Amino acid sequence: MTGPSEFSDRDRHSAAKLLVRCLENEGVRVVFGLPGEENLH
């Protein structure tokens, strides 16, 4: 299993774009998030 440190910044950027594209294709217009320790990086 690969951990987060094994992915390059380019891979993360591509994954983020893919996620946004998938959400757009499904008609999602708004995404909510809650700040927390999981996303402090």
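The model is predicted. The protein chain has one helix and zero strands, and 2% of its 41 residues count as buried. A nonpolar surface patch is made by Leu19, Leu23, Val28 and Val31.

**Chain and surface**

- The secondary structure of the protein chain consists of one helix, with zero strands.
- Helix 1 spans residues 9–25.
- The protein chain exposes about 4400 Å², and 57% of that area is supplied by carbon and sulfur atoms.
- Buried residues make up 2% of the 41 in the protein chain.

**Nonpolar patch**

- The patch has an area of about 330 Å².
- Its members are Leu19, Leu23, Val28 and Val31.
- Among them, valine 28 lies in the segment after helix 1.
- Valine 31, another patch member, also lies in the segment after helix 1.

- Valine 28 has a relative accessible area of 35%, so it is classed as partly exposed.
- Valine 31 counts as exposed because its relative accessibility is 60%, and the cut-off for that class is over 50%.
- Valine 20 has a relative accessibility of 44% and therefore counts as partly exposed; that class lies between the buried limit of under 20% and the exposed limit of over 50%.

**Helix and following segment**

- Valine 20 lies in helix 1, whereas valine 31 lies in the segment after helix 1.
- Valine 20 and valine 31 are eleven residues apart along the chain.
- The C-alpha atoms of valine 31 and valine 20 are separated by 10.0 Å.

How values were computed: Residues numbered from 1 in each chain as written. Predicted model: local features only at pLDDT ≥ 70, side-chain atom pairs only at ≥ 80, totals over all residues. Heavy atoms only, no water. Patch = residues over 30% accessible without salt bridge, like charges linked within 9 Å, V, L, I, M, F, W, Y side chains within 5 Å. Areas by Shrake-Rupley, 256 points an atom, 1.4 Å probe, with all protein chains shown as cover. Salt bridge = Lys/Arg side-chain N within 4 Å of Asp/Glu carboxyl O. Helix = DSSP H or I, 4+ residues; strand = E, 2+ residues; numbered from the N terminus. Buried < 20%, exposed > 50% of the residue type's maximum accessible area, 1.4 Å probe, protein only.
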